[in-house]
Amino acid sequence: MDPAGSSKKNSYTYEDAQGIAENILARVKSRPKLAIICGSGLGKLADMVEDKEVIPYGDIPGFPVSTVPGHEGKLVFGTLSGKSVVLMQGRFHCYEGYSAQQTTLPVRVFHLMGIKTLFVTNAAGGINRGYNVGDIMVIKDHINLAGFAGVNPLVGPNDTRYGPRFPPMSRAYDLDIRKLALSLAKEMGFGDFIREGVYSALIGPNFETVSECKYLQVVGADATGMSTVPEVLVAKHCGMRVFGLSLITNIVIDEYDAESTANHEEVLQTGEMRSKDLQKLVAAIIQKLDL
């Protein structure tokens with residue numbers, strides 16, 4: 001099934017992505033080296049961008065379209081902290097009916113547009129019992145549970161123009177940017193709610209069962225969500241630096257007799273509550289980065 005009447009391709013050639021990149025660059029003056037993917041409820045990062053040039057996804061031939069509440073579906077070009085950037089206001093997910101290759105098409109397009117650094121943000125459920133709603137987690141590693149079941153955007157013929165057949169993922173998240181982010185967060189007075197941990201990715205769209213949450217705790221996950229990892233895999237395959245932040249928007253249910261349940265409205269509300277702090281942190285990191 002093709003979500004929202006978008007491109008019917010389940011995968012894309014190098015030339016497909018190159019054509020989309022050229023189409024986008026022909027519409028904007030900006031030539032950014034940094035891209036930011038905004039997760040559920042985090043699209044307000046774009047409020048800080050100056051000299052905006054905006055392209056709705058639906059206006060880009062061959063580009064997927066966001067179908068989830070909290071994902072506006074726009075590329076926003078401009079300057080942030082004096083640096084040229086492009087933001088994705090809304091991402092794509094396999095649970096929308098997209099293939100792993102479709103969800104990550106924008107990352108390949110970014111690479112062909114000249115992007116060297118990718119920031120990924122997401123809303124996530126807290127697995128670590130020491131986490132609280134509203135915490136911001138710097139991602140130090142991930143567990144690709146969907147990949148265990150064969151859902152991986154790198155499956156299929158490898159095009160060496162992007163990267164190697166077997167890209168290493170042992171240092172997927174840039175150590176220098178992680179250190180910078182933690183240092184700046186403490187300087188900014190965010191020490192009470194800044195964390196560093198491991199993100200796990202499932203397909204969704206259902207929230208996790210109690211037993212699944214207990215399993216994630218056992219295998220070392222600190223937070224869990226339904227995105228991000230496919231984009232990171234492709235970004236690293238293309239040779240990009242990657243930095244990731246998770247906003248803990250709910251604490252997962254890990255008791256069998258609990259009466260409460262997770263819901264998407266809570267995710268969006270927490271995104272609204274903490275969005276200003278997240279914006280300030282991202283802006284401070286970008287200001288310090290050599291792009």
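Modeller: Happy to! A strand here is a DSSP run of E over at least two residues, numbered from the N terminus. With that in hand, let us begin with strand 2, which covers residues 50-56 of this predicted model. Aspartate 51 sits in that strand, and its phi is near 50°, a positive value in a residue that is not glycine. Most residues other than glycine have a negative phi, and most peptide bonds are trans.

From glycine 204 to proline 205 the peptide bond is cis, with omega near 10°. Proline 205 belongs to the loop that runs between strand 7 and helix 6. Glutamate 208 is also found in the loop between strand 7 (194-201) and helix 6 (210-219).

Glutamate 208 leads on to the annotations. An unreviewed UniProt entry lists Glu208 and Asn250 under "binding site". These two are spread over 43 residues of sequence, yet they cluster in space, with a largest C-alpha distance of 12.0 Å. Also under "binding site", the unreviewed entry lists Ser40, His71, Arg91, Phe92, His93, Ala123 and Ser227. Of these residues, Phe92, His93 and Ser227 are included in the lining of the largest cavity. You will find phenylalanine 92 in the loop between strand 4 (83-89) and helix 2 (100-103).

Finally, here is how two helices pack. The axes of helix 1 (residues 14-25) and helix 3 (residues 105-113) come within 8 Å and cross at roughly 65°. Angles of 65 to 115 degrees count as roughly perpendicular, and helix 1 and helix 3 are therefore roughly perpendicular to each other. Their crossing is right-handed. Helix 1 makes the contact through Tyr14, Ala17, Gln18, Ile20, Ala21, Ile24 and Leu25, while helix 3 brings Leu105, Arg108, Val109, Leu112 and Met113. By type, the residues of this contact divide into ten nonpolar, one polar and one charged.

Definitions and conventions. Residues are numbered from 1 along each chain as its sequence is written. This is a predicted model: local features need pLDDT of at least 70, side-chain atom pairs count only at pLDDT 80 or more; totals for chains, interfaces and linings use all residues. Side-chain values use heavy atoms; hydrogens and water are left out. Axes are lines fitted to C-alpha atoms, for helices over the stretch in contact, and angles run from 0 to 180 degrees between N-to-C directions. Helices (H or I, at least four residues) and strands (E, at least two) are DSSP runs, numbered from the N terminus. Angles under 35 degrees count as roughly parallel, over 145 as roughly antiparallel, 65 to 115 as roughly perpendicular and the rest as oblique. A crossing is left-handed if the near helix is turned anticlockwise from the far one by less than a right angle, and right-handed if clockwise. Contact means heavy atoms within 4.5 Å. Ala, Val, Leu, Ile, Met, Phe, Trp, Tyr, Cys and Pro count as nonpolar, Asp, Glu, Lys and Arg as charged, and the others, Gly among them, as polar. UniProt positions are given in the numbering used here, feature names are shortened, and annotations may be inferred rather than shown by experiment. On a 1 Å grid over the protein atoms alone, a cavity is a set of points where a 1.4 Å probe fits but cannot get out, and a pocket is an open set with protein on both sides within 12 Å along at least five of seven lines; lining residues have an atom within 4 Å of a point.
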